[in-house]
Amino acid sequence: MRLDLYDNSGFNRGAGPVKEALWVLCKGVFFLNAFPWPSSIRVFWLRLFGARVGKQVVIRASVNISFPWRLTVGDHVWIGEEVYVLSLAPVTLGSHVCVSQRAFLCTGSHDWRRENFDLQVRPITVEDEVWIAAQAFIGPGVCVGRGSIVGAGTILLKTLPPNSMAKGNPAQFSAKPDVS
């Protein structure tokens, strides 16, 4: 790769520089610190900056969301401490989703096979009733199927079918255990 040839000038950030600068300021005050702001305040700011956020959403401290205007969150969602949502492309979280501490939802990567190291972005979809456990990595273009579990520390680079479980690096899929 030749980083001197890298050019992402064609990347659409989704908002103008003033809106983005205001978001960075807001994020620093209300999101990227340990102060226990109520979730309702964080939800207010996300909505103000263009996120679509459902009801009874819990957003804990030190959550980093790059571009809230590309975020959709359903009802009854929990986002844990230090979660990072790199929303270079749309990120959709269904209802009844738990994203645990330090999980990373990453919509961007680079084409390492090309000399100019092209930026590649693809959306992430997390369907309803999903648990993404602590320190899991969800890569660009992944869909986590309804009712699934992504285990702690899992690296998920492929779509996970509904009612499945992914664990490990690289992720190994299995049917979700019956708990009845």
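Predicted model: local features only at pLDDT ≥ 70, side-chain atom pairs only at ≥ 80, totals over all residues.

Reader: Which residues of helix 1 are buried?

Author: The general idea comes first. An α-helix has 3.6 residues a turn, so residues three or four places apart point the same way. In this case, Glu-20, Trp-23, Cys-26, Lys-27 and Phe-30 are the buried residues of helix 1. They lie on the same side of helix 1, because they cover an arc of only 125 degrees around the axis.

Reader: What do the buried residues of helix 1 pack against?

Author: Their partners are helix 2 (39–48) and strand 3 (64–65). Helix 1 itself runs over residues 17–30, and its 14 residues reach 20 Å from the first C-alpha to the last, close to the 20 Å expected at 1.5 Å a residue.

Reader: How should I read the backbone angles?

Author: Most residues other than glycine have a negative phi, and most peptide bonds are trans. Here, Glu-82 has a positive phi, near 60 degrees, and lies in the loop between strand 5 (78–79) and strand 6 (84–86). Gln-135, also not a glycine, has a positive phi of about 60 degrees; its place is the loop between strand 13 (131–132) and strand 14 (137–138).

Reader: Which peptide bond is cis?

Author: The bond from Asn-169 to Pro-170 is cis, with omega near -5 degrees. Pro-170 is in the loop between strand 18 (164–167) and strand 19 (172–175).

Notes. Residues numbered from 1 in each chain as written. Heavy atoms only, no water. Helix = DSSP H or I, 4+ residues; strand = E, 2+ residues; numbered from the N terminus. Expected span 1.5 Å × (residues − 1). Buried < 20%, exposed > 50% of the residue type's maximum accessible area, 1.4 Å probe, protein only. Arc of directions from axis to C-beta. Contact = heavy atoms within 4.5 Å.
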